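Hi,

Here is the structure I promised to send over. Have a look at it first, and then read my notes below.

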Amino acid sequence: VEGWVYVAQDYYPSGNLRGLASTSDFDAIAALQVLIEAAEGLRHAHDAGVVHGDVRPANLMLSLDGMAHLVDFVLGPRSQAGWGSLYAAPETAERGYQSQPAQDVYGLGMTALFALNRGELPVWVIRDPGRLIESVKAPEHLKRVITKATEWDLTRRYPDVRTLLRELMSDPDLVRILADRALERGRLSVGAGCVVRGVRDA
């Protein structure tokens, strides 16, 4: 407009997961629903050959109905912006590393752990995520999935979010709980999807 360039973005009055996870009404099932929706969004991105590159609570925005929106994708060569954070997969620090879906799996696992721990992630979790996973209040099946998602060893971590989702939804009791919560929120199905928006150059 008159020589100015404007960028219009959605407004999320509910903020991001970083702020919501510490509220009193955000429980393990709410965290699980966000995890599933984020994983669905990442699955679509990975199917299109796109790796998010910086999955963390601040990049998961929430609409008024609680749906997760992935924002701030990193495109182009990896920068140092996310390197060394609690949500960055250890292999991303290697020289010549090329982005792959498994790094988003790790970031998603750490993000889920942050949400389950009431919006806190201690620094020592990088070396010993299992210690924190055991301490949070969550279904055992979910704990096992997060344990595998946050493995340092790539051969033991889920290779992609599609595999993670398949195992996560293999527990019928967990699916039933999610279905009940979805009905409470007026959703038609479990894991109603995640909107993916926003990219940035590395």
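Among contacts in the chain between residues at least 6 apart in sequence, 69% join residues at least 24 apart (contact means heavy atoms within 4.5 Å). Before you read on: this is a predicted model, where local features need pLDDT of at least 70, side-chain atom pairs count only at pLDDT 80 or more, and totals for chains, interfaces and linings use all residues. Residues are numbered from 1 along each chain as its sequence is written, and side-chain values use heavy atoms, with hydrogens and water left out.

**Overall layout**

The chain has seven helices and five strands. Both kinds of element are DSSP runs numbered from the N terminus, helices being H or I with at least four residues and strands E with at least two. Reading from the N terminus, the order is α-α-β-β-β-α-α-α-α-α-β-β. There are 202 residues in the chain, and 47% of them are buried. Here buried means under 20% relative accessible area, exposed means over 50%, and partly exposed is in between, with a 1.4 Å probe and protein chains only. The chain exposes about 10,600 Å², and carbon and sulfur atoms supply 53% of that; the areas come from the Shrake-Rupley method with a 1.4 Å probe, and for residues only the protein chains shown count as cover.

**The core**

The largest nonpolar core has 50 residues, and Leu121 and Leu168 touch the most other members. (A nonpolar core is a set of buried Ala, Val, Leu, Ile, Met, Phe, Trp, Tyr and Cys residues joined through side-chain atoms within 4.5 Å.) Two or more residues each come from helix H2 (28-47), strands S1 (60-62) and S2 (68-70), and helices H3 (101-116), H4 (129-135), H5 (140-149), H6 (161-168) and H7 (172-184). H2 gives the largest share, twelve residues. If you want to look around Leu121, its contacts are Leu86, Tyr87, Met110, Leu113, Phe114 and Leu132, leaving out residues up to four places away in sequence.

**H2 against H6**

Two packed helices are described by the angle between their axes and the distance between the axes. For H2 and H6, the axes come within 9 Å and cross at roughly 145°. The axes are lines fitted to C-alpha atoms, for helices over the stretch in contact, and the angles run from 0 to 180 degrees between N-to-C directions. On the H2 side, the contact is made by Leu32, Leu35, Ile36, Ala39, Glu40, Leu42, Arg43, His46 and Asp47, and on the H6 side by Val161, Arg162, Leu165 and Leu168.

**Salt bridges**

How many salt bridges does the count come to? The count is nine, taking a salt bridge as a side-chain nitrogen of Lys or Arg within 4 Å of a carboxyl oxygen of Asp or Glu.

Asp47 is partly exposed, at 49% relative accessibility, while Arg43 counts as buried at 18%. The side chains of Asp47 and Arg162 also meet in a salt bridge (2.6 Å, N to O). That pair links distant parts of the chain, with Arg162 in helix H6 and Asp47 in helix H2, 115 residues apart. Arg162 is partly exposed, at 37% relative accessibility.

Over in helix H7, Asp173 and Arg176 are three residues apart, about one turn of the helix. They form a salt bridge, with the closest N and O atoms 3.1 Å apart. Asp173 has a relative accessible area of 45% and Arg176 one of 48%, so both count as partly exposed. Back to the Asp47 group: salt bridges that share partners join Glu40, Arg43, Asp47 and Arg162 into one network.

**Two more spots**

Is Thr150 buried or exposed? Thr150 is buried, with a relative accessible area of 2%. You will find Thr150 in the loop between H5 and H6, in contact with Tyr106, Gly109, Met110, Pro129 and Ile133, again setting aside neighbours within four places in sequence.

Ser14 lies in the segment before helix H1 (17-20) and is partly exposed, at 31% relative accessibility.
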